[in-house]
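Good morning, and thank you for coming. I would ask you to look at the sequence and the model first.

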Amino acid sequence: MGTVVLDGVGKSFDGVWACSQVDLTIEKGEFFTFLGPSGCGKTTLLRLIAGFITPQSGAVYIDGHDVTHLPPEKRNVGMVFQNYSLFPYLNVRQNIEYGLTIQKKSARERKDIASLYMDMVGLADFGERKISELSGGEQQRVALARSLAVEPEVLLLDEPLSNLDARLRDKMRAEIKALQKRLGITTIFVTHDQTEALTLSDRIAVFDKGRVVQVGTPHQVYDTPRNVLVAKFVGDTNIFSATLDNGTARLENGMSHGAESGPESRLELRVPSAENGTCHLSIRPQNIRLSHTPVNEPNSFKVRLVERQLNGLWIDTIVQVGEITLRVAELNTVSLAAGPEPQPGDTLWATLPETAIRLLYE
Ligand SMILES: Nc1ncnc2c1ncn2[C@@H]1O[C@H](COP(=O)(O)OP(=O)(O)O)[C@@H](O)[C@H]1O
Ligand SMILES: [Mg+2]
């Protein structure tokens, strides 16, 4: 139980499509994330699945039943809204019992179930508190307990961590993951944050302008992005326009073939494709290796250090070869820190391993 199928779903507001032609199957027990920039239709899709709005085209199925025109209370779906939408005039316990009242549970059952879920989210002693007396993190827990208390088949979470400060966000992220695993509940999680998507999800759907661009596991989406948008949105990367010629890519100066790119701005790399034509080439900063001495390997060349910045775990380095700029990220390990610290203007050697290069055709 808990399979969600979106079949050609589209929804427009005032003639503008918020999402369109969305085909997705979310499996029972899966932690599935909708990832995309603000305004790409994520909340609209959640509301379509929950039943607060109906699509103009396509259908929504839960456990094989067409629920497209069923009201929210008939769908067995729990939703945590981005702003939590708690009832300010009810206390914590009453908020959590709300859906159980609609389900016509007895007072005894309501009390037992609410206690169970308050306990589960760490709010056992907060039953009598008013919502206005809670911190953001506590309100988030009430919203989570309220949606879980009705024991839905599917849990929908709309950017539940975005209102929390960084430390609390990390803590709640871990708690949500643990709770989801323990309950085995099918969960659709909406976020614009790549770290949340990568750390929490079994699978991710990346959205752009209301359409699904790529679906895959965090590794698939990160390691083999389908296009430039996914490569840039999920993790940092270096992207160049490239011309392919029998396994060699000639890089241009950045994304565009600008008039300012002279002959020295070109760089040739061995790449994992024998196709000819133009494409984009992506390589992640952590896959580029730097050395103080010449490296006798393919795709190694002399670069000039522009900038180097310690970032704690990472050292971020900008290097240049001709007009081409590369971002490099090195792990800040003791052994590296013990070496001579390169300075701006120094000559280094950079290696771009062929296996780390991705060619993107759109
Ligand atoms: N009720 C609505 N009326 C009109 N336009 C809406 C409504 N809800 C969403 N939209 C529009 O649909 C698009 C997608 O919105 P939304 O689903 O909220 O995106 P996201 O959650 O990814 O930020 C936006 O352009 C938004 O302005
Ligand atoms: Mg939204």
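**Ligand 1 and its surroundings**

An oxygen atom of ligand 1 sits 2.8 Å from an N or O atom in the side chain of T43, a polar contact, that is, a pair of N or O atoms within 3.5 Å. The protein covers 58% of the 560 Å² of accessible area that ligand 1 has on its own, by the Shrake-Rupley method with a 1.4 Å probe. A polar side-chain atom of K42 is 2.9 Å from an oxygen atom of ligand 1, and a polar backbone atom of C40 is 3.1 Å from one.

Please note that this is a predicted model, in which local features need pLDDT of at least 70 and side-chain atom pairs pLDDT 80 or more, while totals for chains, interfaces and linings use all residues. Residues are numbered from 1 along each chain as its sequence is written, chains are lettered from A and ligands numbered from 1 in the order written, and side-chain values use heavy atoms, without hydrogens and water.

The residues around ligand 1 include F13, A18 and P37, where near means a heavy atom within 4 Å. Which helix gives the most to this shell? Helix 1 (residues 42–50) does, with three residues; helices are DSSP runs of H or I, at least four residues long, numbered from the N terminus.

Of its 20 lining residues, the closest to its centre are V77, Y98, G99, I102 and V150.

Key
1 Å grid on protein atoms, 1.4 Å probe; cavity = no way out; pocket = protein on both sides within 12 Å on 5 of 7 lines; lining within 4 Å. Polar contact = N/O pair within 3.5 Å; in protein donor to acceptor, adjacent residues only side chain to side chain. Helix = DSSP H or I, 4+ residues; strand = E, 2+ residues; numbered from the N terminus.
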